[in-house]
Amino acid sequence: MAELTLHQTVFALVTSLLAFVFVLELVRRRRLREEYSWLWLLTAGLMVLLVVWYRLLIVITRVVGAVTPLNTLLLCAVLFLFAIAVHYSMIISRLASQVQSLAQELALLSSRVEERPR
Amino acid sequence: MKPLIVLPAFNEAARIGRVLAGVRAAVPEATVLVVDDGSADDTAGVARAAGARVVRLPFNLGAGVAAQTGYKVAVREGYDCVVHLDSDGQHEPADIPALLAVIARREADVAIGSRFLGGADYRAGALRRTGMGVFGFLAWLLTGVRFTDVTSGFRAFGPDVLRFVATEWYPTDYADADVLITLRRAGFRLKEVPVRMYPRAGGRSMHAGLRPVYYVFKMLLSVALAPLRREALGRKGS
C-alpha cells in the first residue's frame with residue numbers, strides 16, 4: 001500500500017484545518033448557525049483524523065477496496081459533500097413548507113382585517 | 001348543511017366573473033370563497049365585485065396550496081362541506097348541487113366530478129387519455145376503486161375529510177391521483193359523480209411546455225410513495 005508522501009500529507013492537513021477554522025470563524029461571527037455547522041465541522045474533523053491517524057486510513061482503504069489512501073480521502077470528501085447537499089435539500093424543503101403555512105396564515109388574517117367594518 | 005364553495009384563481013380576471021355568476025345561480029345560498037393565488041391582474045377585484053369573499057395569498061404558491069387555504073377557512077369557520085372547482089370555466093357550476101347531494105346524503109366522504117361517467121361527453125387528446133388511463137390503473141391497484149377520472153379537480157369534501165386535508169399534508173400542485181389514493185387509504189369513502197367539463201377558454205393552462213413531463217414524474221413518485229406514508233394510515237376522525 002502506497003504511503004502518503006509528505007507533500008500529500010501536508011496539503012491534506014492544511015486544507016482540512018483551514019476548512020475547520022473557516023467554519024468555526026463563520027459560527028463565531030454569527031454568519032452561520034450552529035445547527036448548520038456541525039456537518040461541515042464533522043467533515044473537516046474526520047479529514048484531519050484520517051490524515052493524522054494513518055493506520056485508520058489504511059484500514060478503510062482495505063475495506064472499501066480503494067487503490068491508494070489518497071483515493072480513500074477523496075471518496076470520503078465526496079461522500080460528505082453529498083451528505084451535506086442532501087442535508088441542505090431537507091432544510092430547504094422544511095423552510096418551503098413553513099413559508100407556505102405562513103403565507104396561508106397571512107392571507108387568512110389580512111382577509112379578516114379587510115372584512116372588518118371600519 | 002353549510003357548504004363553502006372554493007375557487008382557487010391565478011390570473012383569471014377575464015374569466016372568473018362568468019364562473020362566479022354561474023355558481024351564484026346554481027347555489028344561491030352558499031358562501032363563495034375565491035383564493036387569489038398571487039395574481040398579477042385584478043382577479044381579486046373582479047371576484048369581490050361579483051359578491052365572493054376573497055383571500056389573497058401574498059405570492060403564487062400553486063393550485064394545491066390555494067385550495068388548502070380554502071379548506072382551512074372552512075374548518076376554522078365551521079363549514080361542514082367544501083366544493084372545489086376551477087375558476088377558468090372548465091367546470092360547470094350547475095353540477096355543484098349533484099356533488100353536494102352525495103355529501104349531504106352521506107353516500108361518501110369525497111365526491112369527485114367525472115367527465116367520463118354517465119352522459120358526460122368530453123374529448124381529450126390521445127396523450128392525455130393514455131396518462132389518465134395509467135394513473136387510473138395505478139389508483140385502482142392501490143385502492144381497489146375504479147376511478148374514471150383521476151385528474152378531476154372538481155370535487156366535494158365532507159367534514160371529516162376537510163379536517164384531514166386542512167391540517168395534514170396537502171400537495172402544492174397537481175393535487176389529484178395521489179390525493180385520492182391517500183384519502184382512500186386513510187379510510188374515507190370516495191364516489192364519482194358525472195359532471196360536464198369544457199376546454200379552457202384561454203389563459204394559462206397548467207399543462208404547458210415541460211410541465212407534463214414533471215407532472216408525470218411527480219405523480220409516479222407520489223403515487224408510489226402514497227401507500228408508504230404515515231398520514232395514510234388510519235387517521236380518519238382523529
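Analyst: Let us begin with burial: a residue is buried if 20 or more other C-beta atoms lie within 10 Å of its own. Please note that this is a predicted model.

User: How many residues of strand E5 of chain B are buried?

Analyst: Strand E5 of chain B covers residues 110–114, and five of its five residues are buried.

User: Which residues lie on each face of E5(B)?

Analyst: In a regular strand, side chains alternate between the two faces of the sheet. B:Val110, B:Ile112 and B:Ser114 lie on one side of E5(B), while B:Ala111 and B:Gly113 lie on the other; both faces are covered.

User: Which strand runs antiparallel to E5(B), and which runs parallel to it?

Analyst: Strand E6 of chain B, residues 155–157, runs antiparallel to E5(B) and is joined to it by three bridges. Strand E7 of chain B, residues 190–194, runs parallel to E5(B), with five bridges between them. B:Val110 takes part on both sides: B:Phe157 stands opposite it in E6(B), and B:Leu190 is its bridge partner in E7(B).

User: What secondary structure does chain A have?

Analyst: Chain A has four helices and zero strands. Its radius of gyration is 23 Å, well over the 13 Å that the globule rule gives for 118 residues, so chain A is more spread out than a compact globule. The C-alpha trace of chain A spans about 80 × 30 × 15 Å along its principal axes.

User: What percentage of the residues of chain A count as buried?

Analyst: By the burial criterion, 15% of the 118 residues of chain A are buried.

Conventions. Residues numbered from 1 in each chain as written. Chains lettered and ligands numbered in written order. Predicted model: local features only at pLDDT ≥ 70, side-chain atom pairs only at ≥ 80, totals over all residues. Helix = DSSP H or I, 4+ residues; strand = E, 2+ residues; numbered from the N terminus. Rg over C-alpha atoms; globule rule 2.2 N^0.38 Å. Buried ≥ 20, exposed ≤ 12 C-beta atoms within 10 Å, placed from the backbone. Pairing = 2+ DSSP bridges.
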